[in-house]
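Please view the structure before reading on.

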Amino acid sequence: MNGIHDLGGMHGFGPVAVERDEPVFHGRWEGRVLGMVYQMVGFGWLNIDAFRHGIERTPPVDYLRLGYYGRWLAALERVLVERGVLAPRQVDARCDGTIIPAPPLPALPETMAGPFERTLERAPRFQVGDPVRVLVAGPAGHTRLPRYVAGRRGIVTRRHAAYVYPDSNAHGRGEDPQHLYNVRFDATELWGDAGEADAHLHLDLFEPYLKSA
Amino acid sequence: MSDDHHHDDDHDHDDDPVARRNALRAEALESILVEHGLVQPDLIDTIVARFEQDIGPLNGTKLVARAWVDPAFRARFVADAWAAAEELGLATGPGHTPIVVLENGPGVHNVVVCTLCSCYPSALLGLPPTWYKSPPYRSRVVREPRVVLREMGVAVAPDVEVRVWDSSAEVRYLVLPERPAGTEGWTEAQLASLVTRDALIGVARPAVPRD
């Protein structure tokens, strides 16, 4: 989806703020959120792609305001409500000290926590050295295609294995494994005259994102 | 966990309403999920301890230092990062996300980002720093990598190619920096002390400290 999470190339965010001697977690709650997410993913209540899509659907202002683990928390809550694990507003109620009964627990969905590599009978369409052009797709759902490479031309520099296709898996439409490639783009292909000299971008892109160029 | 408050280490955020709100909601959600039997609080403790104590950039610094002193190990590390980690006793189990090692050299400087989220070789290096997950880094390093690198302290000469690796899918990337001059005869432990987490991401360059 063309959301606020797709940050590559956006202007206006200012300098990179580096915190010296940063702790692993800035507050105890951050570690609790990470531990909850790892367990809910690890035990199969949501797959990682569905979780990422939950983060992406955080309203843009909240995405920027809540911070990293705040987004995780909002996404976890959102996806668990959608899955019927939590009742709507159950967390709000708990924060106010009231109890909303939990819905009956749904069946554990058959999702996996990894690994995501798959064997694919179908031969890869592209080889190292092939020129490719990225599709202009812009799906409303989950995708791992950043918009700053949409429509741009690059060269396949590496063929990875085949993997579970996040664009499908995030939506419960099955694993639909796809070949994965690393594609190299010249900075000027992406940014025009503003592209830096002798700079290249390397992105891992799934086969359905690409066509021959 | 609902009756058992541990706000002691949250003091940094006491005046931050967003962090207060997040902490409150996290506690509420955890209490619900524990009541449902979906989350085990002691397993959260274990996961947190693993990232706070066991897994961290130290793993990467050891691999890099060994690669600097042992060309055969370097070749194995570049060919299969997890096998090399296992060789040094640093791998933590099967089924890891693949890691590709990016070798810096005289003519090329590599730097890693995840513009869409926060992909990082976490199973080996621990959790990424906040700046790595922040909108400024994710938005800018793909558009003006030389500018961002210079701001972060790495001047890349005009005749050196910059390669930015946007970890947008199932593979994670780790930079193998160049061994700094003036370290001839150094032990592996001394060399490892020069390698920082930021050097493994590509936004710092190991250097011998000047007295």
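The paragraphs below treat the interface and then the pocket.

This is a predicted model, in which local features need pLDDT of at least 70 and side-chain atom pairs count only at pLDDT 80 or more, while totals for chains, interfaces and linings use all residues. Residues are numbered from 1 along each chain as its sequence is written, chains are lettered from A in the order in which they are written, and side-chain values use heavy atoms, without hydrogens and water.

Chain A brings 79 residues to the contact and chain B brings 76 residues, contact meaning heavy atoms within 4.5 Å. About 7,000 Å² is buried between chain A and chain B, with 59% from carbon and sulfur atoms; buried area is the accessible area (1.4 Å probe) lost by two parts on being put together, summed over both. In chain A, V16(A), R28(A) and R32(A) lose the most area to chain B.

Six salt bridges are counted between chain A and chain B (a side-chain nitrogen of Lys or Arg within 4 Å of a carboxyl oxygen of Asp or Glu). One salt bridge joins the side chains of R32(A) and D45(B), at 2.6 Å, N to O.

The second largest pocket holds about 820 Å³ of space. A pocket is an open set of points on a 1 Å grid over the protein atoms alone, where a 1.4 Å probe fits, with protein on both sides within 12 Å along at least five of seven lines; lining residues have an atom within 4 Å of a point. The volume is the space filled by probe spheres set on the points, which are joined across faces, edges and corners. Among the 44 lining residues, E22(A), V24(A), H26(A), T130(B) and K133(B) are the closest to the centre of this pocket.
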